[in-house]
Amino acid sequence: MRTIRRALAVALPAVATLSVTVAPAQAAGDSDIWCNSYHANCGTFYCNSNLTDSRIGFTGSSGREGEISDLSGHTYLEAGKAGYGRPVKNNAASLYNGSMRKATAFRNSGFAGACDAVASLTNVYELNKTYNQNASLGFGSRTGSNCYMFD
């Protein structure tokens, strides 16, 4: 019994340390759950249709800030909701454009491929060409040639 107790005593601190360091990947300084009025650019992806379940907002204060050329490494941030901690890339079903500029979700990284272009301050309850096939997000004049337009 003493051997087992010692093994457990040694193993528990290692597990505790591991649980502290393992966390979902997050956007560095450019993500939030909400779009706020002080963001010039803000697009919020939702894990499910109808703007439901966990979400992540990509924000910027001017120009092309807030754009994400590759959604790899970003995860949904709203704890307690379905999809929390899941990758955003190829897992978004709906989008809110909280900016005064057009937001465009692209199927491929690098702002390429089929896309969904969303007018300012518009809810998209179900993405069309990028439904669960989204890889990048652009703002303003960044648009592809094969975009579905949400007005």
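Two strands are taken to pair if DSSP finds at least two bridges between them. Strands themselves are DSSP runs (E, at least two residues), numbered from the N terminus. By these terms, Phe106 stands opposite Cys115 in strand 6. The model is predicted: local features need pLDDT of at least 70, side-chain atom pairs count only at pLDDT 80 or more, and totals for chains, interfaces and linings use all residues. Residues are numbered from 1 along each chain as its sequence is written, and side-chain values use heavy atoms, with hydrogens and water left out.

- An open sheet is formed by four strands in the order 8-5-6-9, with mixed pairing.
- Strand 8 and strand 9 (147-150) are its edge strands, each pairing on one side only.
- On average, neighbouring strands of this sheet are turned by 20 degrees against each other, direction ignored; the axes behind such angles are lines fitted to C-alpha atoms, for helices over the stretch in contact, and angles run from 0 to 180 degrees between N-to-C directions.
- Strand 5 (residues 103-108) runs antiparallel to strand 8 and is joined to it by four bridges; Leu137 in strand 8 is the bridge partner of Ala105.
- Five bridges pair strand 5 with strand 6 in the antiparallel sense, and Asn108 stands opposite Ala112 in strand 6.
- The hairpin of strand 5 and strand 6 has three residues between the strands, and Gly110 there takes a positive phi near 75 degrees.
- Strand 6 and strand 9 pair in the parallel sense over four bridges; Val118 has Phe150 in strand 9 as its bridge partner.

**Burial of the strands**

- Buried means under 20% relative accessible area, exposed over 50%, and partly exposed in between (1.4 Å probe, protein chains only).
- In a regular strand the side chains alternate between the two faces of the sheet.
- Strand 8 (residues 136-139) is covered on both faces: Ser136 and Gly138 on one side are buried, as are Leu137 and Phe139 on the other.
- Strand 6 is largely enclosed by the rest of the structure, because five of its seven residues are buried.

**Two loop serines**

- Ser109 lies in the loop between strand 5 and strand 6 (112-118) and counts as partly exposed because its relative accessibility is 29%.
- Contacts of Ser109 (heavy atoms within 4.5 Å) are with Ser69, Asp70, Lys89, Ala135 and Ser136, not counting residues up to four places away in sequence.
- A polar contact is a pair of N or O atoms within 3.5 Å; within protein, one must be able to donate a hydrogen and the other to accept it, and residues adjacent in sequence count only if both atoms are side-chain atoms.
- The side chain of Ser109 makes such contacts with the side chains of Asp70 (3.2 Å) and Lys89 (3.1 Å).
- Ser99, in the loop between strand 4 (94-97) and strand 5, counts as buried because its relative accessibility is 1%.
- A polar contact of 2.7 Å links the side chains of Ser99 and Asn97.

**Aromatic rings**

- Three aromatic pairs are found in a search of the whole structure; rings of Phe, Tyr and Trp (its six-membered ring) pair if their centres lie within 6.5 Å, with planes under 30 degrees apart counted as stacked, over 60 as edge-to-face and the rest as tilted.
- Phe45 and Phe58 form an edge-to-face pair, because their ring centres are 6.4 Å apart and their planes are at 70 degrees.
- Phe45 lies in strand 2 (residues 41-48) and Phe58 in strand 3 (residues 52-60), so the pair ties together parts that are 13 residues apart in sequence.
- Both Phe45 and Phe58 are buried.
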